[in-house]
Every structure is written in C-alpha cells, then in structure tokens.
Amino acid sequence: MTRAAPAAERSDDTGDTVLQVQGLTKRYGDATPVFAQVDLTVRRGEFVAIVGESGVGKSTLLNCLAGLDTWSSGRVLQGATDVGALTDTERALWRRAHVGFVFQAFHVLPHLDVAQNVALPLMLLGRNEPERVAGMLDAVGLQGLGDRLPQQLSGGQLQRVAIARALVHRPALLLADEPTGNLDPGTAARVMDLLLAQTREHGTALVLVTHSQAAAAQA
C-alpha cells in the first residue's frame with residue numbers, strides 16, 4: 001500500500017479524515033480470509049494506492065470500502081457514518097451523495113450523450129446543474145464534446161468522461177479500480193495525471209486499486 005501527502009497542508013485534526021477502516025476482515029465460510037485485520041485512514045486530498053497481482057482481493061476490498069460487499073468483521077467509517085450499520089437503501093443513498101467511482105471498463109451508458117453521462121450523479125441527487133457539467137467537461141479536456149455519444153469517443157476520452165462523472169457531485173471519497181487497465185501506456189499516464197489533478201483540486205480522498213507499478217508510483 002502506497003501513501004502520498006495531500007496537496008494541501010495536512011492537519012492532524014480528525015476532521016480531515018474521510019475514510020477510516022478498522023480491523024476489516026473478509027472470508028467466505030471457513031476458508032482462509034481474502035484479507036484480514038486491515039487498518040487504513042485516508043484524509044482529505046490524500047491518494048492511497050492498493051497494489052497487488054490479480055486475484056489477491058484488491059477489488060473485493062474496494063467493494064467493501066464502498067459498501068457494495070459485506071465483510072466478516074471490522075468497521076468502515078466515512079466521516080461520522082458507520083457504513084456497516086446502514087441498511088441497503090441507506091448505503092445506496094450514502095454512496096450516491098458521498099462516493100465517486102472510476103472503473104477499468106468505463107461503464108458509460110451508450111444511449112446517453114457525454115454530457116448526460118457526466119450529469120448522472122447530479123440527476124440521482126435531484127439536481128440540474130448544466131453549468132457544473134460543462135465545467136467538468138472543460139476540466140477534463142472534453143469541451144465541445146458534450147453532445148457526442150460514447151461510441152464516437154476514444155478509450156482515453158471515455159475514461160475522461162468517467163472521471164468527470166465521478167467528480168461532478170464533489171464526493172468526499174473517490175474509489176478507482178484499475179482505471180487505466182484498458183489504456184495504452186501513454187494514454188494511461190495522461191489519464192492518471194488528470195485523475196490526480198482533479199481529485200486534488202476538489203480535495204477528494206482517492207483510493208486506487210491497481211497492479212500497475214507506474215500508476216502506484218504516483219501515490
């Protein structure tokens with residue numbers, strides 16, 4: 001696990017803490033745990049990379065941090081919220097308001113144009129803010145492309161759409177699962193630079209799962 005100091009000066013005040021994981025363990029039945037006794041604190045503006053080969057449980061851990069999967073013991077806290085104590089509906093509402101996601105496979109909706117894809121988190125929160133959507137498209141270098149469909153974009157552009165969508169509602173926590181895995185090395189480097197610049201500008205805590213040493217080296 002690799003850790004970076006946040007762009008802004010870091011305080012020891014617990015008010016800077018976005019994510020706190022205490023003794024997290026995940027096992028299936030009586031099998032050897034997927035991971036055990038994970039302790040982790042991520043502060044505002046901080047970038048933490050979780051590194052490992054395929055199949056070692058990185059994505060499972062990320063899913064637990066997002067409340068998308070259950071765990072056997074331990075706690076996941078986001079601010080004052082104990083994620084494990086929430087109902088399924090409460091977890092969905094919590095994710096909608098406080099968490100952003102970037103995945104390897106982009107997960108853009110093909111029947112929506114670029115601007116509509118980026119606006120989805122705001123729409124789910126009942127907000128109509130076209131100016132913010134346009135600003136995010138400008139920030140990721142996609143100005144003027146809001147009315148294009150996803151199939152008209154390159155892989156690197158699609159990942160920029162995913163980054164804009166993940167950050168448009170200004171989440172406290174951004175979870176990224178192999179976000180450069182489908183990109184060539186040059187495009188991957190540019191996407192990582194953009195991802196880090198945007199999360200630091202917004203003061204977002206970033207947890208990145210990757211097997212790429214190049215991506216992890218930036219944490």
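R127, E129 and R132 are linked in a network of salt bridges, a salt bridge being a side-chain nitrogen of Lys or Arg within 4 Å of a carboxyl oxygen of Asp or Glu. The structure is a predicted model, in which local features need pLDDT of at least 70 and side-chain atom pairs count only at pLDDT 80 or more, whereas totals for chains, interfaces and linings use all residues. Residues are numbered from 1 along each chain as its sequence is written, and side-chain values use heavy atoms, with hydrogens and water left out.

Side chains of opposite charge can pair when their charged atoms come close.

By the salt-bridge rule, the count comes to four. One of them joins the side chains of K26 and D69, at 3.3 Å from N to O. Because K26 lies in strand β2 and D69 in the loop between α1 and β5, this pair ties together parts that are 43 residues apart in sequence. The side chains of K26 and D69 are also joined by a polar contact of 3.3 Å; a polar contact is a pair of N or O atoms within 3.5 Å, where, within protein, one must be able to donate a hydrogen and the other to accept it, and residues adjacent in sequence count only if both atoms are side-chain atoms.

K26 is found in strand β2, which spans residues 17-26. Helices (H or I, at least four residues) and strands (E, at least two) are DSSP runs, numbered from the N terminus. K26 counts as buried because its relative accessibility is 5%. Leaving aside neighbours within four places in sequence, K26 is in contact (heavy atoms within 4.5 Å) with P33, V34, F35, T60, D69, T70, W71 and S72. K26 and A36 are ten residues apart in sequence, and their C-alpha atoms are 6.4 Å apart in space.

Strand β2 belongs to an open sheet of four strands with antiparallel pairing, in the order β3-β2-β5-β6; two strands pair if DSSP finds at least two bridges between them. Strands β3 (35-43) and β6 (81-82) stand at the edges, each with a single partner strand, so one side of each is left without a neighbour in the sheet. Two bridges join β5 (residues 73-78) to β6 in an antiparallel arrangement, and Q78 stands opposite T81 in β6. Helix α1 (residues 58-65) lies across β2, β3 and β5, and runs at about 125° to β2. Axes are lines fitted to C-alpha atoms, for helices over the stretch in contact, and angles run from 0 to 180 degrees between N-to-C directions.

Strand β8 (residues 173-177) is mostly covered, with five of its five residues buried. On one side these are L173, L175 and D177, and on the other L174 and A176. Five bridges join β8 to the parallel strand β7 (residues 99-103), where F101 stands opposite L175. Another five bridges join β8 to β9 (residues 205-210), also in parallel, and L173 stands opposite A205 in β9.

Definitions and conventions:
Buried means under 20% relative accessible area, exposed over 50%, partly exposed in between (1.4 Å probe, protein chains only).
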